[in-house]
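Here is a colleague's note for someone opening this model for the first time. Please read the points below beside the display.

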Amino acid sequence: MDDKILQRLNCLTKTEKTAFLSAVIFGIITHIHIFSVNYVFHDSVDIDTLGVSYTSGRWALGFMEELAERFVGVYQLPFINGFISIFFIALAAMMVVNALKVKNALSSAYIAMVMV
């Protein structure tokens, strides 16, 4: 398993690695306030709703809320959700850099910054 991961990481170009790392760094810098706004034992323990769903035409959000309430409950997790989102944005930035065949590391960092 470790050999496959190392082989895949060695296949990445310098610009893809730069895009990923830049997206993570810019994401943390940009959204640090949102990550740290809730105190875990005071604000996030309360069950909350996901927002307006069916009445505003967001039927998928209502469906996800009903599933979450039924199985685990709906909790505010800005720290975890934020890092998961930044990780997926970083992966998307790598894909964009690869698709556009960007050769300049500064350009790939700029693409990641704009995507964040």
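1. Setting aside residues up to four places away in sequence, Ala112 touches Ala19, Ser22, Ala23 and Ala93, where contact means heavy atoms within 4.5 Å. This is a predicted model, in which local features need pLDDT of at least 70 and side-chain atom pairs count only at pLDDT 80 or more, while totals for chains, interfaces and linings use all residues. Residues are numbered from 1 along each chain as its sequence is written, and side-chain values use heavy atoms, with hydrogens and water left out.

2. Ala112 also belongs to the largest nonpolar core, which has eight residues in all, the others being Ala19, Ala23, Ala90, Ala93, Val97, Val102 and Ile111. Such a core is a set of buried Ala, Val, Leu, Ile, Met, Phe, Trp, Tyr and Cys residues joined through side-chain atoms within 4.5 Å, buried meaning under 20% relative accessible area and exposed over 50%, with partly exposed in between (1.4 Å probe, protein chains only). At least two residues of this core come from each of α2 (14–35), α4 (78–100) and α5 (105–115), and α4 gives the largest share, three residues. Helices here are DSSP runs (H or I, at least four residues), numbered from the N terminus.

3. In the pairing of α2 with α5, Lys14, Thr15, Thr18, Ala19, Ser22, Ala23 and Phe26 of α2 meet Ala105, Ser108, Ala109, Ala112 and Met113 of α5.

4. Lys101 lies in the loop between α4 and α5 and, although not a glycine, has a positive phi of about 55 degrees. Most residues other than glycine have a negative phi. Lys101 counts as exposed because its relative accessibility is 60%.
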